[in-house]
Amino acid sequence: MSTATLPAAPRRTPPHRWTVPEFHRLCSLGMFAGRRPVLLNGVILEQGPMDSPHGNGVERTDTVVRGAFGAGWRFRVQLPLVLSLHTDPMPDIAVVAGALAGNPGHPTAALVIEVADTTFDTDTTEKAELYATAGIADYWVLDVDNRELHVFRDPRPSVSLGVTAYYTHSVLKPGDTISPLAVPGVAVRVADLLP
């Protein structure tokens, strides 16, 4: 009986893992003009065009959150928020303590909010893990399709899973209220965030 030798499988080069400086350089060169890219774990993803519910949700949420936090806070809408060498998710809203002057780098956020319609799965899984790993204590996902606010808190390493995850995940309805961890004396109505 003869045995046939199979040809060796071709060697595949692993895909390039982009860094934040490379990603920002591509953005500055106009490589993503008119598009909405994010960098998650070295992979550049395109979020697609922003529809009216998403845009209205971002605008309403930004307005309400600014009023809740007041003076002494910065509100970054769809701007870079570098979490690691390979991750810049450019969240819909990041609330940062302090004044803009004297803070030229990418800040640490007290609250991150993503407004989700087509990105809900990514926002509640991959992005949630990345924000938890970065130590973002208060992460909200406004689900415009189901008219809910998902609140993720208490990021902790999970030895069994080998990742950092949020141990608290609450789902709030339009009639509910929530207080941001950074300003616990203020109540935000979920209905006021929804488009």
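Predicted model: local features only at pLDDT ≥ 70, side-chain atom pairs only at ≥ 80, totals over all residues.
## Buried or exposed

A residue counts as buried when its relative accessible area is under 20%. Thr-19 sits in the segment before helix H1 (20-28). Leaving out residues up to four places away in sequence, Thr-19 touches Leu-39, Leu-85 and His-86.

## The sheet

Six strands form an open sheet with mixed pairing. Their order is S3-S4-S5-S6-S7-S8. Strand S3 (73-77) and strand S8 (163-172) are the edges, and each pairs on one side only. From one strand to the next, the twist averages 20°.

Look at one pair inside this sheet. Strand S6 (residues 138-143) and strand S7 (residues 148-158) run antiparallel, joined over six bridges. Here Val-141 stands opposite His-150 in S7.

## Helices across the sheet

Helix H2 (residues 52-69) lies across S3, strand S4 (93-97), strand S5 (111-116) and S6. H2 runs at about 155° to S5. Helix H4 (residues 126-133) lies across S5, S6, S7 and S8, at about 115° to S8.

Start with the length of H2. At 1.5 Å a residue, its 18 residues should span 26 Å, and its end C-alpha atoms are 26 Å apart, which agrees.

Which residues of H2 are buried? They are His-54, Gly-57, Val-58, Thr-61, Asp-62, Val-65, Ala-68 and Phe-69. Seen down the axis of H2, the buried residues fall within an arc of 135°, so they line one face of the helix. An α-helix has 3.6 residues a turn, so residues three or four places apart point the same way.

The cover over the buried residues of H2 includes S3, S4, S5, S6, strand S10 (188-189) and H5. The face turned away from the buried side carries the exposed residues Ser-52, Glu-59, Thr-63 and Gly-67.

## Nonpolar cores

In soluble globular proteins, nonpolar side chains tend to be buried together. The largest nonpolar core in this model has 22 residues. Phe-69, Trp-140 and Leu-149 touch the most other members. H2, S4, S5, S6, S7 and helix H5 (190-193) each give two or more residues to this core. H2 gives the most, with four residues.

Beyond its neighbours within four places in sequence, Leu-149 contacts residues including Trp-140, Val-171, Ile-178 and Leu-193. A second, separate core has 14 residues, among them Leu-81, Tyr-131, Ala-132 and Tyr-166.

Definitions and conventions. Residues numbered from 1 in each chain as written. Heavy atoms only, no water. Pairing = 2+ DSSP bridges. Axes fitted to C-alpha atoms, helices over the stretch in contact; angles between N-to-C directions. Contact = heavy atoms within 4.5 Å. Core = buried A, V, L, I, M, F, W, Y, C linked by side-chain atoms within 4.5 Å. Buried < 20%, exposed > 50% of the residue type's maximum accessible area, 1.4 Å probe, protein only. Expected span 1.5 Å × (residues − 1). Arc of directions from axis to C-beta.
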